[in-house]
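Biologist: I would like to go through a model feature by feature. Please give the general idea where there is one, then the case at hand.
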Amino acid sequence: MKRKLSIVLILAIMMLSLLSACSQSASQGGSTAANTAGTPKTDISVVLTKIGNNLDPAEANSLDTSTIMYHVYDTVIKFDNDFNIIPGVATEWSQPDNTTIEFTIGEGYKFHNGDPMTIDDVVFSVQRLANIPKKASFMSMIKSVEGSGNKVIVKLTEPNSGAIRNFGDVVIVSKKYVEEAGEKYANAPIGTGPYTVTEYVPGSKVVLKAWADYPFEKASIETITFKAIEEASAKYIAVETGDADFAGIGARDQDRAKNNADLTYVEGPSTFTGFVAMNTTAAPFDNVNIRRAMAHAYNNEGISAITPGKTMIDSMVPKMFDTYHSSPHLPKYDLQKARELLEKEGYSTSNPLHFTAWTYQGNDPELEAFQAELKTIGVEMDIQNLEFGVFLEKMANKEYQLLVGGWSDTTGNTLSSLESYWSGSFGQMNITFYTNPRVDELYAIAKQATTEAELKEAAKEIQEIGAQDVPMIPTTTRMSYYAMNKNLEGVEILTSGLISFRTATIK
């Protein structure tokens, strides 16, 4: 979900073939051995953290899913590493007035089933989002979408300073195919991109194959296998042994990657925002004093030090955004204050606060460190690990008490970050279901802002209120580190976290 940045990383990358164990890879020589044998390599394997149970990026709400499907679908517009808007299927765009957006759609696109992409398909690709709960806040700003000639004309319900950026997340689907396939279309996708999905195992892997009939420049990599590995060191080992051609790695393995002559190492800032979220609609976290106690008990500096490469943050707005504000009112680590707030609400060692925290990351050392801090003040926090798809579904349905997570920004839209506190984004960005009338007023001001100063002022006050009411505890952002087969070139690593192998080659 959110963040802006400006480091261009265009490099070769390709993710991993994780079908065999590391020991087996080492004995067989992995992908490196295949290259030295003189056989041209046209397949790559890429490691991601998660493979979800839905391949529709609009439904999945996952950066890993978006990376995979970036190769299968095209979007209305795209962004460079500075979050400047660049062409997608739309070659031009304009805003003739403050409630109208016009897109000029390019020619020559066709779907994987051979059907040409039409203006009706682009219009439908936007309109279908009205039936996807995770896109409700986006669609609430749209009054109508119509096609005329080679243009798509969007009418907004009211002025919205960030509306156009949302179209960077609108993937182009076939109206005919989606209507005929029904619910099956999501996991048997047909897009206009250079790759098709040939195999999908939820939770495990996705295999993409270069589409022979792609009407534009053909992809050089024939097959991309995306596989899931959660543990950071295991990701690096997969690349080191040749089981994988590309992986995002942990900070602890960066020196090994730098010093490995067979690998290319890349690092850069990310838009990642980590957080602890609390369900504000149910006890105990409907009580602001309990939320403040949790924030005082969270040793951000100490916990963030567990994982090198992380930097503390004070807001859900990305730190690299001009609208980022570090509020002095955000509760700082102070166990005594946490204890006093809990006692004020009737909790003590003889009557302890007891709740369950969710994670989807397996053994989460940061959450376990938080658990240990809470235990010292008599709070009993159980930890439950969930499969990622289940985690997302239950989170959106308010079925949690406290959870840890993080998201990255793919559009550079400040408004989407502010939605963390806005009641119009329940279950989407506002996963705590927090509501505050003043925040809603300020969000409306930010949305209709016509100057940078007006936007900054509204954003600052929203962050001040959020710091005092703490529906979410902002935790850390982090650098991104990547290791890849040194023969892999032309991979594009975007600040948003998206990774593209569309123009990649491998020697």
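Biologist: Are H16 and H17 roughly parallel or roughly antiparallel to each other?

Modeller: A note before the answer: this is a predicted model. For two packed helices, start from the angle between their axes. The axes of helix H16 (residues 437–447) and H17 cross at roughly 160 degrees and come within 8 Å. Angles over 145 degrees count as roughly antiparallel, and H16 and H17 are therefore roughly antiparallel. Their crossing is left-handed.

Biologist: Which residues of H16 and H17 meet?

Modeller: From H16 come Arg438, Val439, Leu442, Tyr443, Ile445 and Ala446. On the side of H17 they meet Glu454, Leu455, Ala458, Glu461, Ile462 and Ile465.

Biologist: Now the sheets. What holds strands together in general?

Modeller: Strands of a sheet pair through backbone hydrogen bonds, in a parallel or an antiparallel way. Here, an open sheet of four strands runs in the order E5-E6-E8-E7, and the pairing is antiparallel. Strand E5 (90–97) and E7 are the edge strands, each pairing on one side only. On average, neighbouring strands of this sheet are turned by 20 degrees against each other, direction ignored.

Biologist: What packs on this sheet?

Modeller: H5 does, touching strand E6 (100–105), E7 and E8. The direction of H5 makes about 170 degrees with that of E7.

Biologist: How many bridges link E7 and E8?

Modeller: Strand E7 (residues 142–148) pairs with strand E8 (residues 151–156) over six bridges, in the antiparallel sense.

Biologist: With which residues is Phe167 in contact, leaving aside its neighbours within four places in sequence?

Modeller: Phe167 is in contact with Thr75, Val76, Ile77, Ile101, Phe103, Val126, Phe138, Ile142 and Val154.

Biologist: Next, the backbone. Which residues have a positive phi although they are not glycines?

Modeller: Phe83 and Val470 are two cases. Phe83 has a phi of about 65 degrees and sits in the loop between strand E3 (77–79) and strand E4 (85–87). For Val470, phi is about 35 degrees, and its place is the loop between helix H17 (452–469) and strand E19 (472–474).

Biologist: Is Phe83 buried or exposed? And Val470?

Modeller: Phe83 counts as buried because its relative accessibility is 3%. Val470 is buried too, with a relative accessible area of 0%.

Biologist: Where is a cis peptide bond found?

Modeller: Look at omega. The bond that joins Ala283 and Pro284 is cis, with omega at about 5 degrees. Pro284 lies in the loop between strand E14 (273–278) and helix H10 (288–297).

Biologist: One more residue: what is Gln371 in contact with?

Modeller: Leaving aside neighbours within four places in sequence, Gln371 is in contact with Met381, Asp382 and Ile383. Gln371 is found in helix H13 (residues 365–375), and at 27% relative accessibility it counts as partly exposed. Gln371 and Met381 are ten residues apart along the chain, and their C-alpha atoms are separated by 6.0 Å.

Note on methods:
Residues numbered from 1 in each chain as written. Predicted model: local features only at pLDDT ≥ 70, side-chain atom pairs only at ≥ 80, totals over all residues. Heavy atoms only, no water. Contact = heavy atoms within 4.5 Å. Buried < 20%, exposed > 50% of the residue type's maximum accessible area, 1.4 Å probe, protein only. Pairing = 2+ DSSP bridges. Axes fitted to C-alpha atoms, helices over the stretch in contact; angles between N-to-C directions. Parallel < 35°, antiparallel > 145°, perpendicular 65-115°, else oblique. Left-handed = near helix turned anticlockwise from the far one by under 90°.
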